[in-house]
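Open the structure in your viewer and keep the selection tool at hand. The tour goes from the whole chain to single residues.

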Amino acid sequence: VKAQPQPADHELYEMVQDESKSLIFLPKESPEAWNEDLHVLLPCLPQDVFRGKPHWDVIKQALSAPIASPAELREAIAKYNRQCPSRFDGLAEYCEQIQEEMVEMIFGTLLPAIVALALDLPN
């Protein structure tokens, strides 16, 4: 069963074949009008402002410092997300139950890679 586009859907990419008959995705134009009821505002768009500043700038600054613990992750997220939970108990408990090397891998390798991907969103 193929999903059919709905009236509120906005397609961001168009699927076309190149000269070698391979399928490629080309970006479509962004909508000219913004409708808060129909769209989710990406934080890297200029229309998204957080506490008087471009939201993307706030996010980049919050995630620029190394994060070494669940508390530091919560603190960083709270800087750009009004709905951040007050505690990260589940992550903290998990980190207490696993070996220290795994915690170091999460915060030293995995999380920085996730942050790098997230901060590359505009590209």
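Colour the chain by secondary structure and follow it from the N terminus: the elements run β-β-β-β-α-α-α-α. That gives four helices and four strands; here helices (H or I, at least four residues) and strands (E, at least two) are DSSP runs, numbered from the N terminus. This is a predicted model, in which local features need pLDDT of at least 70 and side-chain atom pairs count only at pLDDT 80 or more, while totals for chains, interfaces and linings use all residues. Residues are numbered from 1 along each chain as its sequence is written, and side-chain values use heavy atoms, with hydrogens and water left out.

Next, show the surface of the whole chain. Of the 123 residues in the chain, 18% are buried. Buried means under 20% relative accessible area, exposed over 50%, and partly exposed in between (1.4 Å probe, protein chains only).

Now select Tyr 13, Met 15, Leu 23 and Phe 25, which make a nonpolar surface patch of about 480 Å². Patches are made of residues with over 30% relative accessible area and no salt bridge; like charges are joined within 9 Å, and nonpolar side chains (Val, Leu, Ile, Met, Phe, Trp, Tyr) within 5 Å. A salt bridge is a side-chain nitrogen of Lys or Arg within 4 Å of a carboxyl oxygen of Asp or Glu. Strand E1 (13-17) and strand E2 (23-27) each supply at least two residues of this patch. Stay on Phe 25, in strand E2: this residue counts as exposed because its relative accessibility is 55%.

Move to His 55 in helix H1 (residues 55-62). Is His 55 buried or exposed? His 55 is buried, because its relative accessible area is 12%. Leaving out residues up to four places away in sequence, His 55 touches Pro 43, Asp 48, Val 49, Phe 50 and Tyr 80; contact means heavy atoms within 4.5 Å.

The last stop is Pro 112, in helix H4 (residues 100-119). Pro 112 has 36% relative accessibility and therefore counts as partly exposed. Apart from neighbours within four places in sequence, Pro 112 is in contact with Ile 106 and Phe 107.

Methods
Areas by Shrake-Rupley, 256 points an atom, 1.4 Å probe, with all protein chains shown as cover.
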